[in-house]
Each structure stands twice: as structure tokens, then as C-alpha cells.
Amino acid sequence: MSWHVHLPALVIAVPLLGAFIAPVASMLGKVARNFWLVGVSALTALLSVLLWQQVLTSGTAIYVMGAEAFNLSLPSGMSLPIRIILEVDAFSAFMAVVGSIAAFAGALFSTNYMERFSGLDKFAALYFLLTTGMLGMVLTGDLFNFFVFLEIASVASFGLVAFWRDRPEAIEASFKYMVVSTIGAMMILIAIAFLYGRYNAVSMAAVANALRLGYAEKIALVFLIIALAMKCGTVPMHMWTPDAYTEAPAGVTCLLIAVSQASLYGLFRVCFSIYGASLGSAVVPWTIIILGVLSMFIGVSMAVVQKEIKRLMAYHSVSQIGYMLLGLGVGLLALSDPQAMADYGFTAMKGGIYHLINYTMYKGLLFLTAGALYYAAGSRNLNDLGGLARTMPYTTFMFVIAAAAIAGLPPFNGFVSKLLIYESTFAVYPILSIMALVTSVLTLASFVKVFQTAFLGPAKAKLAQVKEVPPGMLLGMSVLTIVIIGLTLFPTWSLSNLVEPAAKALVNQAGYISAVIGGGL
Amino acid sequence: MIGNLPYLVVGIIFLLGLYAVLFEKNLIKIAIGVSLIEASANLLLIVLGYRTGGSIPVFTLAGKVGKMVLPVPQALTLTAIVIGLATSALMLSLIMMLYKHYGTLDVREIRRLRG
Amino acid sequence: MWTKVFSGFGYWDVYSWIIFFFIASGLVLWIRSMGRSDYKKGTEQDEIFYGANAVPEDGSEIQVPASSAYWGFVEALKGYYEKLAEMHSGLTNDYVGYMVVVAAVLVVLVLL
Amino acid sequence: MYSLSVIVRTICDVFAWFLAVFGVYVIIHGHLTPGGGFQGGAVVATLFAFLLVAYGGKKFIPFYKSNLFSWFETVGLLLFIGTGLVGLGTTFFYNFLAGQGGLFGSTVPIGPNSGVLNSSGTIALMNMAVGVEVIGGLSLILYYMFKGIRLYEESGSEETGHDR
């Protein structure tokens, strides 16, 4: 038995251990703490990539916590899994890779970005807890465990959003996020209780295996969808997003993006793998599509008028979530119809999932560049910035790449995923792809505004002292830049290796169930 | 009918909590509302695991009875309670900080972030 | 309705993009070469045209601030933006309220 | 917060220690009786609430060693995850002590009995780890929240205006 079978557990255990040792490492001094922060994040990213490789080569990985064997999901005489199971299919592994790369970049960025503040031992611990929560959410195969990891991630993120506790706005943002998010989490718990009461199981595969759509299941489905859509910032439940993303330190915002993607993962895991074909009517797919279109349009139109740079970007993240909801919602619409699935549904899902990784990378990078601007110029207000391209060439370069990617300018990766979404949604209703196109134009418009006001224009006397940011921050940003350029240069490779297995795993409900329940379908 | 009474109680507590969160303007009352919703979710889990006439689900203490209460929901509830405790503590701390910064507990005055 | 849409273009073809960049850079160079040849650096041709006024020393006075960008767009959609700003009221109660309302509507839709 | 009357303080002196002992009992018997690490730890942490209320902050804050209790928290968490990691030979969180004899390794007789304390393997260890962690964590929460109130009382007049 090679150690590779323990990878699913290790991906969660390593950042957890990192969180618990972080206070000890901080006692050894600044260098030890930074080294620990970056080293553990890098190790987590490495383990995630290994896990992803393993899943691609040898199929869905099962890990049973505390059992006599790692794959003993059904102990003798049991027809249902009784232990906590980690179930990692290609989609989960893909999400883990995306999230842990974002976490690594954020950690690298934070080493320099946070150095002027106190309480960094707690920062490191909370950062790792947030990473753990995110990775746990995407790797777990157990509904209640999903809730627990969601709450770990939430509580850690409340703490991190309010990290600058001398700023009233930070506390306010954290409080609002907390109230909305806790109620959402309780809705998830109630939905889990409904499913548990019906099927006596909390394992996703077992529930999916036994599921017959009734009233309790429908209400549980609605609760899960609404709460998870809220957690990833869908209009009209998005109001906490701009607040929290703006007030969190930039490295944390980069990770919060990944956490919102983990919630999106949960949403689609519920829709595709648990409910799947038994979803019945087209109400739920259309709800997701309509929420997606609303998010795209309202998010971007709010972003155009913002004048605080991080708030503008946060509204963009609302609008980008809409693309993924649109793509995967169209996939969900086509799920019960093999012909439609082959015609446009699968393309839409590929577009949605590819947009997911693109979005995490360039949005994380954009928030990091905004953090770099804040660090160097001391202001987030676009009215106060100007002419920074002269003094901060590297940051400018990376900002341009990220902005071009988010606006979907060819040949950047954002263009590829958006093109897939346009092509497929056009087949459902042309108006959907027209809305997506308009959103893309407005996105470009608002980033032109940011670029023009912050980086171009005459140098300002107030900003004469601004220097390029320290190397740690540049390194953190360049990690994401390299990933974006890689995705840009090799879209065919990433579509066939990264995205397609994930999309196939998401569609394949029977495979997800049989990985745990065995041949007992 | 009487067996469904606990579910009714769960619903009432949930709606009370929701009312507090939706319509109360005092931060502490909002926190109480959130705690009420947590309590209702926990109560729902416990009620789901109850079997009429069941004994406690501890093997060595149960004695000679045929039925036990389901232990899994209780374990889930304990976890949810722990999480709820963390959330409540953090929420109250944030309220303290908010009061320190804004000098008020009225939610209508704590809205610097908007638009 | 179309059942299958495929632009046929693909998203990334190295050669076509390289050819495109060559053509584009050729165009740029051609346009550039059409510029006036009597331009000299360091003369008064270099100076900023700022109406008939003196050019301010500090750059911040001649820059268009971000809040003025897309003024016309916002002005044209004034009603829409007023509604949006009303939505983002900053009240915690409202934020939860939107979630509850959406959940309620969806429950009705799904159960029907 | 000021210290309360001598009656309250005396009663606190007497009962606080019963409280602590009961909490530790709940932690140690976590695998046999209802309760466990978190519940026991919470009971022990109530001791600090007791002391705080009875003696007031002026006496409590010098008495309470916050560094010691953050160590409690760290050590508890490390013990917990360490126990999980040692199980990695088989699976994460594998109960490698159960049924092996030795520490927490006795087997439990079948049928109703009064319980064997030396059983259940790593579950008992983890209960203790969680107990130690919760004692540290909850009492730290109390301590910091109390300090937060004090901070407000001392510097409250500075930031009362809205929309500065």
C-alpha cells in the first residue's frame, strides 16, 4: 500500500496541522512564521496536484476516516456508509488544485503585505483554517462533513475579514457577512436534517442512491441551493460580497475567492451528484440560469460606477459567478436529455468549469494587484490614484494581463471559457448569450476605467514616493500570472486534461454513487 | 398528532429567530435571533433521532431495552452546538467592537458600506 | 431554434494568432509611418495642449477623476442606478431579507 | 467589574474546585458517559467565569495567565491532530490503541456493565486533547471579551460619533 492512498486525508490534514503549529512557529520569529506560512501552503498545493494526478490515472479516490482499510466504505453487514468518507472524483480534485494554488499565492503575497501588522500568529492560523475548510468542502463525500467544513471556512473568514479590527468598516463587513452566512449555514443544516430524516444517511452517495423526489427533498434542495448560492455571492444575496471582499486583507480576499468557488462546487455537487436526473422539472435549472444572468448583469452594472478599486473588483466577482452559474445551469437543463447534452449541454459545462479556474486565477490576481496598489499608494480610492505605471511596472504588467483575461479579450483564457459559454447558451436562448456579451463589454469598460485612472495619466505629486512592492508580493502575484499565461497558451491541453474529466465526473452520477456503494446500485 | 408537536416547536423557534433577524434593529437582538435559528436546527436534529420509548444510546448503560435513540443525530447536534458556540462568541465580540467604533447598537446607523 | 452552434473558429490556433499579430503590427507600423516627419522632440511641439490655460504643475489637476468616468452612461441609466443603490442599503436586515424572500419564492415554485 | 461580597467569594472558593473536578471527570469519562471533551472543557471554563464574576477584573486579570492558556489550546490541538496522524499507518484517525491492551486498550465485556475506563483507544485520548483545548479556548474567549469591555470603559469617549 503506497502512501498515495492517504493523499485525500493529507490534503486536509496538512493545512490543519499547519494551523495548529502556526502559533508555535510564530514564537520562533518572523522568518520562521513566514517560512511556515509559505511552506505549508506550497506543500498543500503540491499534494493537491498529486491527488489530482492520482485521480486522473486511477479513477475516483475513496478515503474512509478511521477504518481498517482506506477504501472500506461499507463495513461488513452494512448497506450504508457509516464512517466519514472523503470522496474525490475528478471535479473535486480539480477544485482542490484550483483552491490550493490560490491559497499558495495568497500566502506568498501575505508574507510582505501583512508584515506591518501585529497578531500575525493568529493570521497564519486562521489562514490555514480557511484553507482547510475550503479543501475539506471540495474533498468530502459526506453532507454533514460538508457543513462542518463550510462552517470552519466561514468562521475563519469572519475572523480574517475583521482582521484590521481598528477599521470600523472591517468589523461592519464581517458582522454583515456573519449574520447572512450563519443563517445560510443553518439552512444547510436543516436541509441535511431533512435528508437524514428521510434516508437515515448523511453520505452524499448513499443519499443520492436512495433519493426519490418528495416534498422534504424538494424543500431540502431549495434550502441547499439558496444557502450555497448566497455563499458564492449570487444576486440578490450578494450584498455581503463587496463588503467582505473589500475589507479583507488582499491575500485573504484571494483565498475568499477560492472559498466562494468551493461553495459553488457544493451547489453543483448537490444539483448534479445528489439530485441529478431525479431533479425532474426544469424549475431548478432555470432558477440557476436566471440567478446567473441577474448576477452577471447587476454585478457588472454596479461595478461600473464604483470608485473604490477593491469594491469594483468585488462587484465583478459577483458578475463572474454569473457566468459559471449560467454555464452549469445550462448543463443541468440538458442533463436528462442526452441529445441536448451532446449538442450544447456538455460544452456549457466545460465552459462553466473552465471559467471557474480562470476566474479564480485572474480574480485572485486582480485582488492581489489591488492590494499591491493599496500597499504602495496607501489608498484604495481610484480618485486618489494615478500615473502608477511608471513607478510600479511589474504590478502594472500583471494587472493588464488579469484585466484582459477577465474582460475576455482574445487570446486570454477568459476569452476561451466565455466563448464556450456563448456558443452553448446561444442554443438555449440567444438572449442569454447576448446578456453575457453585454456583461463582457461592461467588464472591459470598467477595467479600462481602473487602468486609466490608476496606472495611466500624469504622475501625481502625492504619489511621488511610491515604489514597487516588495519581492514577496510580486512573487505571489506572479504565481497566478504564470498560471493565467499557461492557461492562455495551452487551452486545448487544459480543456482536455483539466476541464473535461471534471465535467464528465460531474455528469456521471452513477459513477459517483457506485464508488462508495460499490455494485449495490 | 402529538408526535408531531416537536416539529411544530422547531418551526416556531425558527420563525421567531427569523423574525428577530429580519425586523429587529438592535444588534444584540439580531444575535439572539441567529442563536434561536441555530437552536431550532439543533432541536430538529435531536427530534429526528428520537424513537418513542428508546433508551440512551450508550451501550454499557442502556440496560435491557429493545430500542435506542439514534446516536448519530446527537453527535451531529453536538458538532453543530460547538460551531454555534464559536459563531456566537465571535458575533458578540464583533458587536462589542462595533459598539466601540460606532457608539451605537442600532443596525440602521451601522451602514457605512453601501452602494 | 438552433440546436447546435459552433463558431468553427476555435479559441486558440497558434499560427493564425501569430499571423494576426504580424498583420496587426504591420498595420501599426504603417500607420505610424504616415505620421508627420517634421515632429521634433524638445521643441514647443512637445508641450501639452491645455486650451489657452497654463498647464498645472501637479498631474492630479489635469486628470479626469474616476468618479467622472462614464458619467453619461450613469446619467442615462439614472433610474436604474437609483434602484440599485436603494437595494444595496447597507442594512443587515435587508440582506437577510433578500435571501429569505428568494428562498420562499423558490420553495413555492419548486413545490408547485 | 468589581468584586462581589465576601459571601459570594467564599462560596465561589468552595464550589469552583468542585466545578473543576466535575469538568475533568466529564472529560476523562467522555467515552463512557454522555459528555466528552467539549462539554467537560466548557464546565471547567465556567470556573473562570465564576472567578471573574466573584472577584472582579482587577484580581482576575493578574491571576489569569493568558499565555499558559494559549499553550493549553495549542497543545490540545496538536495532541488531537497528532493522534489522528499517528493512525496514518492504517488510515487517518485510525483507532490504533483499541483492543491492544495497555493504554486505553482493554476490551469491553459484552452486555450492560458499569464501563471500563481503560478502554476505547484513541477516543479517550482525543477527548482529553479536546478537553484541554476547550479549557484554553473558552477561558481565553472570556478573558478577551472581558478585556474588550475594559478597553471600552477606558477609552470609550473617543469614538462615539457616527460617520466621522
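How many residues does helix α16 (residues 430-455) of chain A have, and how far does this helix reach from its first C-alpha to its last? The legends below take this up first and then move on to the places where chains meet. Please keep in mind that this is a predicted model.

**View 1. Helix α16 of chain A and the glycine that follows.** Here is the reply to our opening question: α16(A) has 26 residues and reaches 37 Å from its first C-alpha to its last. That is close to the 38 Å expected at 1.5 Å a residue. After the helix comes Gly457(A), with a positive phi near 85°.

**View 2. Ala464(A) in the loop between α16 and α17 (471-489) of chain A.** Is Ala464(A) buried or exposed? Ala464(A) counts as exposed because it has 11 C-beta neighbours inside 10 Å, and the cut-off for exposed is 12 or fewer. Now look along to Leu475(A), 11 residues apart from Ala464(A) along the chain: the C-alpha atoms of these two are separated by 24 Å.

**View 3. Helix α6 of chain A beside helix α2 of chain B.** The axes of α6(A) (residues 168-199) and α2(B) (residues 27-49) come within 9 Å and cross at roughly 10°. Angles under 35 degrees count as roughly parallel, so α6(A) is roughly parallel to α2(B). On the α6(A) side you can find Val179(A), Ile183(A), Met186(A) and Ile190(A), among others. Their partners in α2(B) include Ile30(B), Val34(B), Ile37(B) and Ala41(B). By class, the residues of this helix contact are 14 nonpolar, two polar and one charged. A handy rule for looking at helices: with 3.6 residues a turn, residues three or four places apart point the same way.

**View 4. Chain A against chain C.** Which chains share the most contacts, of the five pairs in contact? They are chains A and C. Here 50 residues of chain A are in contact with 36 residues of chain C. Among the elements of chain A that give two or more residues to this side are α6, α11 (283-304), α13 (338-377) and α16. The largest share, eight residues, comes from α8(A). The side of chain A that touches chain C has 33 nonpolar, nine polar and eight charged residues.

**View 5. Chain A against chain D.** This contact takes 14 residues from chain A and 15 residues from chain D. Helix α1 (residues 7-27) of chain A gives the largest share of the chain A side, seven residues. That side has 11 nonpolar, two polar and one charged residues. Chain C and chain D, by contrast, do not touch, and their nearest C-alpha atoms are 14 Å apart.

Terms used: Residues numbered from 1 in each chain as written. Chains lettered and ligands numbered in written order. Predicted model: local features only at pLDDT ≥ 70, side-chain atom pairs only at ≥ 80, totals over all residues. Axes fitted to C-alpha atoms, helices over the stretch in contact; angles between N-to-C directions. Helix = DSSP H or I, 4+ residues; strand = E, 2+ residues; numbered from the N terminus. Parallel < 35°, antiparallel > 145°, perpendicular 65-115°, else oblique. Contact = placed C-beta atoms within 7 Å. Nonpolar A, V, L, I, M, F, W, Y, C, P; charged D, E, K, R; others polar. Expected span 1.5 Å × (residues − 1). Buried ≥ 20, exposed ≤ 12 C-beta atoms within 10 Å, placed from the backbone.
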